[in-house]
Amino acid sequence: MYAAVRRYEGVTDPAEAGRIVDEGFVPIMRQVSGFVAYFWVDAGGGVMVSTSVFRDRAGADESIERAAHFVRDNLAQFLPNPPQVTAGEVVASA
């Protein structure tokens, strides 16, 4: 399995960003080949973190690309800073 984690800082409206992600982005992630799970977390203090898990690297890479497009087209006003992106192979899970 592979995971992609995106950390967004300076989020101006976490509740609205969460609603938009839930209604618009989650369905997009479910369509990516190898989809396992997706989480959107409000870490407080204007920080939100997304985690995407896929069966293979291609799915994780595609999720990063789709996230960038979705943010640009739908969330730019709430996520003013580019995310810190970390991706790699899952080496342990529960």
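1. V71 is buried. Its relative accessibility is 15%, so it counts as buried; the cut-off for that label is under 20%. The model is predicted, so these values describe a prediction. V71 sits in helix α2. Leaving out residues up to four places away in sequence, V71 touches Y8, A76 and L79. V49 is 22 residues away along the chain, and the C-alpha atoms of V71 and V49 are 13 Å apart.

2. S63 belongs to helix α2 too. With a relative accessibility of 0%, S63 counts as buried. Which residues does S63 touch, not counting residues up to four places away in sequence? They are A4, R6, F25, M29, S52 and F54.

3. Helix α2 covers residues 57–75, which makes 19 residues. From its first C-alpha to its last it reaches 25 Å, close to the 27 Å expected at 1.5 Å a residue. The buried residues of α2 are G59, A60, S63, A67, F70, V71 and L75. They lie on the same side of α2, because they cover an arc of only 105° around the axis. An α-helix has 3.6 residues a turn, so residues three or four places apart point the same way.

4. What does the other side of α2 show? There, R57, A58, E65, R72 and D73 are exposed. The cover over the buried residues of α2 includes β1 (2–9), α1 (14–31) and β3 (47–54).

5. β1 and β3 run antiparallel and are joined by 8 bridges.

6. F39 has T51 as its bridge partner in β3. Y38 stands opposite S52 in β3. S52 is also among the residues that S63 touches.

7. How many residues lie between β2 and β3 in their hairpin? There are 2. G45, in the turn, has a positive phi of about 60°.

8. Helix α1 is next. Its 18 residues should span 26 Å at 1.5 Å a residue, and its end C-alpha atoms are 24 Å apart, which agrees. Even so, α1 has a kink of about 40°, centred on D22. Both values should be read together when an axis is fitted to α1.

9. Which residues of α1 are buried? They are A17, G18, I20, V21, F25, V26 and M29. Their cover includes β1, β2, β3 and α2. Two of these buried residues, F25 and M29, are also among the contacts of S63.

10. P14 is in helix α1. Is P14 buried, exposed or partly exposed? Its relative accessibility is 25%, so P14 counts as partly exposed. Not counting residues up to four places away in sequence, P14 touches D42 and M48. A43 is 29 residues from P14 along the chain, yet their C-alpha atoms are separated by 9.6 Å.

11. Last, the core. The largest nonpolar core has 20 residues, and W40 and L75 touch the most other members. α1, β2, β3 and α2 each supply at least two residues of this core. The largest share, 6 residues, comes from α1. In soluble globular proteins, nonpolar side chains tend to be buried together.

12. Setting aside neighbours within four places in sequence, L75 is in contact with A17, I20, V21 and F70.

Definitions and conventions: Residues are numbered from 1 along each chain as its sequence is written. This is a predicted model: local features need pLDDT of at least 70, side-chain atom pairs count only at pLDDT 80 or more; totals for chains, interfaces and linings use all residues. Side-chain values use heavy atoms; hydrogens and water are left out. Helices (H or I, at least four residues) and strands (E, at least two) are DSSP runs, numbered from the N terminus. The expected span of a helix is 1.5 Å times one less than its number of residues. Buried means under 20% relative accessible area, exposed over 50%, partly exposed in between (1.4 Å probe, protein chains only). The arc is that of the directions from the helix axis to the C-beta atoms. Contact means heavy atoms within 4.5 Å. Two strands pair if DSSP finds at least two bridges between them. A nonpolar core is a set of buried Ala, Val, Leu, Ile, Met, Phe, Trp, Tyr and Cys residues joined through side-chain atoms within 4.5 Å. The bend at a residue is the angle between axes fitted to the seven residues ending there and the seven starting there.
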